[in-house]
Amino acid sequence: MWSSGPRCPVREQRARWERKRGRTALELLETEQRYEKQLGLVAQYFLCILRAKGTLRPAELQAVFGPWESIHAASQKLLLHLEAGNWGAGLERFCHHLELYTCFAANEEQSRATLQKWLRKKHFRKFVQLQEGRPEFGGLRLLDLLPLPLKRLQQYENLVVALAENTGPDSSDYQQLTRAAEKLSEVTQQVSAIGREHENGRQLHRIQTLLSGHRAKGLTKGRWFLRQGWLLVVPPKGEPKSRMFFLFSDALLMAKPRSVLHILHGGTFVCQALYPMAQCQLQRIFGHSGATGGGLLSLSFPHEKLLLMSTDQEALSHWYHSLTIAISSHTR
């Protein structure tokens, strides 16, 4: 009986690497082709026409689209390398353009705000709707297309890391792919941090609009938002009172709701106290994990003690966790 000979684990592993590398390389190529096409469509049917018609001034075009055309040009160059099979060299050269993606991420808030402002103008809204109706866009709106570069950056990291991991150390482009994967991971983390800062800014702005009165001015400026919600304040005597709490990385804000019938500030909150988390000692009185019902938290400050109660065990656990994070950030 014919035998294929003894198995070679090393050869089998290399064969698995090659198959995975081939699938990943094909996915990178095909998705880059689609990405480059979408970038080109936005540049052709929106950016170039708006510039030619003078609808938006150069500063406004930059505010909405950021470095879109430069990102498109970088994608075109990368695609030439990928189609030629120059994976390592192409991706390493592409990484020289990754600063465009951090600039694009930093501009995201301004882009959204500027576009929303212009969409309130009838002539601009009509132009955008007309362009979005083109069959090339497949029903996608401009608002759906603008985040494309940031979504693609995450895909780049996933695909290039997988490509590097399935390339043997003795391959000619192993070092180039490894460096490209490391650089993409670094830039992706930077962009994620920018996104978190933008989200935090939106939350702070939202909270500031909820607070009214002279004590509320500038309360959220420069802070990092963690959590908000209703808790019952248990006084030494009398009945518990429901209060809204806003937890930041450095402080806990307690607020009382204004009447919805208030002439100027109906539906807002009045700041009653701001407690520094650096001086807080936290203790869970009852309501530990696994217990039923609600629970009670004790927060001790140099000149005051708060007893906070919730009838929701899960909500109380979330509050305990968030408060612990805020306190520990000041004790390192």
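Predicted model: local features only at pLDDT ≥ 70, side-chain atom pairs only at ≥ 80, totals over all residues.
**Ground rules.** I number residues from 1 along each chain as its sequence is written, and my side-chain values use heavy atoms, with hydrogens and water left out. Local features need pLDDT of at least 70 and side-chain atom pairs count only at pLDDT 80 or more, while totals for chains, interfaces and linings use all residues.

Helices (H or I, at least four residues) and strands (E, at least two) are DSSP runs, numbered from the N terminus.

**Strand 2.** Next I followed the pairing, which needs at least two DSSP bridges between two strands. Strand 2 (residues 225-233) runs antiparallel to strand 3 over eight bridges, and G229 faces F245 there. Strand 2 also runs antiparallel to strand 8 (residues 304-310), with two bridges; V233 sits opposite L308.

Strand 3 (residues 241-248) pairs with strand 4 in the antiparallel sense over four bridges, and M244 stands opposite A255. I noted a hairpin here, with two residues between the two strands. Strand 4 is also antiparallel to strand 5 (residues 269-276), over seven bridges, where L252 partners Y275.

**Cover.** How many residues of strand 4 are buried? I found five of the seven in residues 251-257, buried being under 20% relative accessible area (1.4 Å probe, protein chains only).

Terms used: Buried < 20%, exposed > 50% of the residue type's maximum accessible area, 1.4 Å probe, protein only.
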